[in-house]
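Subject: Structure handover: salt bridges

Hi,

Here is the structure I promised you. Please open it next to this email, and read on for what turned up.

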Amino acid sequence: MAFALLQEQFEIKSFEMEAFEASNAFRAQHRRDTLTLDTFLCQLAREHSKNMASGKVGFGHQGFRQRCEEIKKKRTSYAQAENVYYSSWVSNGKEAVDSWIHSKEHRQNLLGKSYHRMGIGMASGKKGTFYTQIFSD
């Protein structure tokens, strides 16, 4: 699958790429545009996943408003959304996306027509695997 990267100096992990590709495959099934992998959004997403994995923040969207402000400073952006996923085992990117697909709110984010960029970040800790997915226009 072809994709574009913004800020190419960021290294994408294989499970993160798997989640990115599964997200775009799902969008294609529903006639949505392909999202561009934005490494700035990936950095924000991975940092949030690391914070959840380390216990610095609980599982959820704590700090999402601040992440949105960072996105607005770095990119021209008027719409953002976030999906988070937790598994008590080492979970691959496809499992995270499958979970989001089966949740009404997460599915809406995945299929959002106004989004053109996505970042994905994964981290593992003692309690399991955490994924954060950030969308932006």
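Is Glu 69 buried, partly exposed or exposed, going by its relative accessibility? Glu 69 counts as partly exposed, because its relative accessibility is 40%. Here buried means under 20% relative accessible area, exposed means over 50%, and partly exposed lies in between (1.4 Å probe, protein chains only).

Some ground rules. This is a predicted model: local features need pLDDT of at least 70, side-chain atom pairs count only at pLDDT 80 or more, and totals for chains, interfaces and linings use all residues. Residues are numbered from 1 along each chain as its sequence is written, and side-chain values use heavy atoms, with hydrogens and water left out.

Now the salt bridges (a side-chain nitrogen of Lys or Arg within 4 Å of a carboxyl oxygen of Asp or Glu). The whole structure has six.

Glu 69 pairs with Lys 72 at 3.6 Å, N to O. They sit three residues apart in helix H3 (residues 64–74), so about one helical turn separates them. Helices (H or I, at least four residues) and strands (E, at least two) are DSSP runs, numbered from the N terminus. Lys 72 is partly exposed, at 39%.

Arg 117 and Asp 38 form another bridge, at 3.4 Å, N to O. Arg 117 is in strand E4 (residues 117–125) and Asp 38 in strand E2 (residues 36–38), so the pair ties together parts 79 residues apart in sequence. Both residues are buried.

Asp 98 meets Lys 94 at 2.8 Å, N to O. Both belong to helix H4 (residues 93–101), four residues apart. Shared partners also join Asp 38, Arg 75 and Arg 117 into one salt-bridge network.

Best wishes
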